[in-house]
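Dear colleague,

Please find below the structure that I am handing over to you. My notes on what was found in it follow directly after.

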Amino acid sequence: MKIRKLMSVLLFYTLVVGIFLTAAYWGSRATTVIARKIPLERYATVVIDAGHGGVGGGATSCSGKLESTFNLEIALRLNDLMRLMGVHTKMVRTSDISVHTQGETIAAKKVSDLKNRVNLVNGTENALLVSIHQNTFSDSRYSGAQVFYAQEGEGQQLAEQLQSALVHSLNPGSNRRCKPADGIYLMEHLERTGVLIECGFLSNTEEEAKLRSAIYQKQLICVIAATVSNFLDR
Ligand SMILES: [Zn+2]
């Protein structure tokens, strides 16, 4: 009798411990899922903006290639990789076009283009903007990627992470720091978190040659995609 009682007590405790462990397991799984989902839901769509395009080619590189072409090549590669990583993306343009809807003159078309880019990002719920541009300067010595952010807080955090990753991976020794995007229409009118990446200087012969190469473009987008993905998964 005593043995049967002991057995039933043991069975009872085994059941209780089993239920407790199962609950703890599913509880921790639920916590993990929720913890990962919150930031992903906060930034549901990464809007990838290839700067300029069509009537607005942006800067011209030292070998005569338009900035808008560099931007589009890099943005298309970034979009492919981010989609492969499971991130929902939206591209502002996928070909050599201006996204204007109004204007007779080139200047008016450029204004309409910028307004439409702003409206596209602001009109996308939980959007995170990554705008791709190239830099240029009268002194050809300058090189290196630089990141600009629309707002302090999360935009600045992402910009700091991107700047650090780009310096360490592609521009070792560079002392470039991210900056607020003062005077950039798209960024100043943004109501979403956003960064603008100047991938390098088209006025520097060595850097321009790298930016034209597929291998360097792939290195760039790997650094950008990995950093943005880490930011989304916090
Ligand atoms: Zn530009």
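A residue is called buried if its relative accessible area is under 20%, exposed if that area is over 50%, and partly exposed in between. Please also bear in mind that this is a predicted model.

The zinc site

The zinc ion has three kinds of position to look up in the chain: the protein donors are His-52, through NE2, Glu-67, through OE, and His-133, through ND1, and they lie 2.2 Å from the ion. Along the chain, these donors follow the spacing H-x14-E-x65-H.

The model contains an open sheet of 6 strands in the order β2-β1-β3-β6-β4-β5, with mixed pairing. At its edges stand β2 and β5, each of which pairs on one side only.

Strand β4 (residues 146-149) is covered on both faces: Gln-146 and Phe-148 are buried on one side, and Val-147 and Tyr-149 are buried on the other. Strands β4 and β6 pair in the antiparallel sense over 4 bridges, and Val-147 stands opposite Ile-197 in β6. With strand β5 (residues 179-180), β4 runs parallel, and 2 bridges join the two. Here Tyr-149 has Pro-180 of β5 as its bridge partner. Between β4 and β5 the chain passes through helix α4 (residues 154-169), and this β-α-β crossover is right-handed.

Lys-90 is found in strand β2 (residues 89-91). With a relative accessibility of 31%, which falls between 20% and 50%, Lys-90 counts as partly exposed. Which residues does Lys-90 contact, leaving aside its neighbours within four places in sequence? They are Thr-45, Val-46, Val-47, Ile-48, Leu-120 and Thr-124. The side chains of Lys-90 and Thr-124 are joined by a polar contact of 2.9 Å. Leu-120 is 30 residues from Lys-90 along the chain, and the C-alpha atoms of these two residues are separated by 9.7 Å.

Helix α6

In helix α6 (residues 205-212), the buried residues are Glu-207, Glu-208 and Leu-211. These residues cover an arc of only 100 degrees around the axis, so they are on the same side of α6.

Against what do the buried residues of α6 pack? Their packing partners are α2, β3 (127-135), β6 (193-201) and α7 (214-232). The N-terminal end of α6 is capped by Asn-204, a side-chain oxygen of which lies 3.1 Å from the backbone nitrogen of Glu-206.

With kind regards

Methods. Residues numbered from 1 in each chain as written. Predicted model: local features only at pLDDT ≥ 70, side-chain atom pairs only at ≥ 80, totals over all residues. Heavy atoms only, no water. Donors = N, O, S within 2.8 Å, 3.2 Å for Na, K, Ca; no water. Buried < 20%, exposed > 50% of the residue type's maximum accessible area, 1.4 Å probe, protein only. Arc of directions from axis to C-beta. Contact = heavy atoms within 4.5 Å. Polar contact = N/O pair within 3.5 Å; in protein donor to acceptor, adjacent residues only side chain to side chain. Pairing = 2+ DSSP bridges. Right-handed = clockwise from strand over helix to strand, strands pointing away.
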